[in-house]
Amino acid sequence: WPEWLVSKTRSWVGRKMPQGQVEDIRLHVISDLTGERPRISRLDGTVTMRDARLELGARLPAFTNIDGRLTITDNRGEIILTDGRVQGLALSTGKVEIVPVVGGKPAMGSTDLRLTGDVSDAIRVARRFGFGSGKGMDLTRIDAVGQSDLTVRTNFPVRGKLTPADIGFMVEGTVNNATFTNLPLGADARNANLAFTIDPSQFLIRGDTTLFGIPSKVVYQRGGAAGAGRARLDVSTVDSDLARVGEVAVALGYGGGDGVDLKSLTMSGRANVELRARFPAGRTLQRTDVEVETDIIVQDGNFAGLPLVGIARDADLVMYLSRNRTEISGNGTVFGALVDFVVTNDRDRDLLQIKADAPNASGLAVLASQLSGFQIGGALGGNIELATGSDLTDFEVNLDLDLNEASIDVPALAWVKLPAEDGRVTTRLILRDGRLVAIEDIDLAAGSLEAAGRVDFGLRG
């Protein structure tokens with residue numbers, strides 16, 4: 001290759017392709033040789049290469065064992081690759097272009113490569129392109145096994161020194177039946193069938209995997225639609241084991257709240273879960289950096305160890321959980337009765353509210369006796385609204401109760417209501433430090449007694 005013949009391209013090829021064999025060269029050059037330096041007006045031809053090496057940059061993965069054929073026509077150089085490797089990945093097909101061959105200031109190059117191999121090698125290639133080496137996600141710490149198929153597209157100026165920032169790139173591909181361990185938050189992903197896209201603006205993964213032992217659909221995106229410097233993780237599960245979902249929540253640091261200790265709560269049933277996490281990218285995360293919203297649908301749920309009610313069976317629930325708010329609605333068998341209820345917890349206001357509509361049940365009579373201090377037996381039901389704080393010591397309880405099947409004994413008034421007598425009461429109970437201190441807004445009609453007003457028991461109850 002004479003030094004005067006497209007010298008910039010010659011110099012670039014000399015530096016970037018330091019080894020290999022050239023065979024079957026056919027070139028057609030039209031040049032003006034009358035001046036001090038020859039001027040090339042046209043260059044066409046073909047060159048066959050074998051076992052060549054292409055080094056785009058010192059910090060970028062090298063292309064090795066390349067077999068292909070260079071064709072130059074219409075001032076465009078195109079190398080069709082038929083074999084080769086990129087850091088452990090096998091090249092199935094590929095193309096390298098340089099445009100223009102003559103007269104570029106500078107010429108621009110591009111690659112379009114189809115690669116296959118183990119996902120661990122694909123991770124190493126991604127890291128060499130400058131992705132996943134920072135604090136936000138260090139790909140080198142992830143252990144991965146599985147088959148990957150990638151398409152790598154790059155574009156770059158044809159000049160001597162290139163950095164990752166000089167190279168535009170997009171990597172698209174799939175991972176099949178892969179296993180990833182040592183993921184952030186102690187997670188592992190197994191039986192993973194994922195599709196991914198990587199470019200300088202984003203990293204996007206989506207697909208199906210078993211995450212924390214739960215079959216899940218996963219979307220992870222860094223940058224792109226998640227926003228510059230931000231990342232999102234969406235996980236959804238269908239018909240998952242409720243007990244396992246609770247174990248994962250505890251493992252991730254969510255122990256419960258509002259008197260509910262997930263570690264001591266016994267659960268069974270099926271759950272559909274939609275989790276959405278948003279957090280900063282590119283730095284080591286603290287738990288307070290992560291904003292999480294979760295929607296859960298529970299079917300045939302059974303719970304033991306709940307505050308106030310103890311046991312709930314056959315529960316069908318819709319739940320929304322976030323850092324600042326919890327909402328739960330549905331129905332379940334509590335105190336022997338099928339109860340419809342809504343629970344909301346506003347953590348900014350430290351306000352937990354429970355609204356329930358229950359048919360007559362003996363267990364509700366027991367709860368009313370415990371809260372009021374009166375002797376209440378039989379069965380009662382109605383509307384109950386309870387408001388308290390996170391410490392579950394101070395309560396306001398609004399009651400609208402059917403007393404027809406209840407027995408009530410108030411020795412201080414020498415009054416007894418029998419279960420056969422009609423009765424209804426609306427009132428508001430005030431408890432401080434777990435003690436009843438007042439009964440407000442009394443409107444009672446039960447058997448021989450009618451009452452209206454309030455009762456103050458003092459601060460000690």
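**Exercise 1. The enclosed space**

Task: Find how many cavities of 30 Å³ or more this predicted model holds, and describe the lining of the largest cavity by class.

Solution. Start with the count: one cavity of 30 Å³ or more turns up. A quick reminder of the idea behind the search: rolling a probe the size of a water molecule over the atoms shows where empty space is left. Next comes the volume, which for the largest cavity is about 50 Å³. Now list the residues around the largest cavity: W12, M17, M49, L54, I66, I79, L81 and V96. Two elements give two or more residues to this lining, namely strand 2 (39-54) and strand 4 (76-86). Finally, sort the lining by class: eight residues are nonpolar, none is polar and none is charged.

**Exercise 2. The nonpolar core**

Task: State how many residues the largest nonpolar core has and which of them have the most contacts inside it, then list the contacts of F180 beyond its neighbours within four places in sequence.

Solution. The largest nonpolar core contains 111 residues. Those with the most contacts inside this core are F180, F303 and L380. Strand 2 gives the most to the core, with six residues. Now zoom in on F180. Once neighbours within four places in sequence are set aside, F180 touches V119, I123, I142, D143, A144, V175, D188, A189, A192 and L194. Notice that D143 and D188 are among these contacts.

**Exercise 3. Charged pairs**

Task: How many salt bridges does the whole structure have? Work through the pairs E97 with R76, R153 with D112 and D208 with K217.

Solution. The whole structure has 26 salt bridges.

Step one: E97 and R76 form a salt bridge at 3.4 Å, N to O. E97 is in strand 5 and R76 in strand 4, so this pair ties together parts 21 residues apart in sequence. For exposure, apply the 20% cut-off for buried residues: E97, with a relative accessible area of 16%, is buried, whereas R76, at 38%, is partly exposed.

Step two: the closest N and O atoms of R153 and D112 are 3.5 Å apart, and the two residues form a salt bridge. R153 lies in strand 7 (residues 143-157) and D112 in strand 6, so the pair ties together parts 41 residues apart in sequence. Both ends are partly exposed, R153 with a relative accessible area of 31% and D112 with 22%. Follow the shared partners and you reach one network joining D112, R114, R153 and E172.

Step three: D208 and K217 form a salt bridge, with their closest N and O atoms 2.8 Å apart. D208 is partly exposed, at 36% relative accessibility.

Terms used. Residues are numbered from 1 along each chain as its sequence is written. This is a predicted model: local features need pLDDT of at least 70, side-chain atom pairs count only at pLDDT 80 or more; totals for chains, interfaces and linings use all residues. Side-chain values use heavy atoms; hydrogens and water are left out. On a 1 Å grid over the protein atoms alone, a cavity is a set of points where a 1.4 Å probe fits but cannot get out, and a pocket is an open set with protein on both sides within 12 Å along at least five of seven lines; lining residues have an atom within 4 Å of a point. Grid points are joined across faces, edges and corners, and a volume is the space filled by probe spheres set on the points. Helices (H or I, at least four residues) and strands (E, at least two) are DSSP runs, numbered from the N terminus. Ala, Val, Leu, Ile, Met, Phe, Trp, Tyr, Cys and Pro count as nonpolar, Asp, Glu, Lys and Arg as charged, and the others, Gly among them, as polar. A nonpolar core is a set of buried Ala, Val, Leu, Ile, Met, Phe, Trp, Tyr and Cys residues joined through side-chain atoms within 4.5 Å. Buried means under 20% relative accessible area, exposed over 50%, partly exposed in between (1.4 Å probe, protein chains only). Contact means heavy atoms within 4.5 Å. A salt bridge is a side-chain nitrogen of Lys or Arg within 4 Å of a carboxyl oxygen of Asp or Glu.
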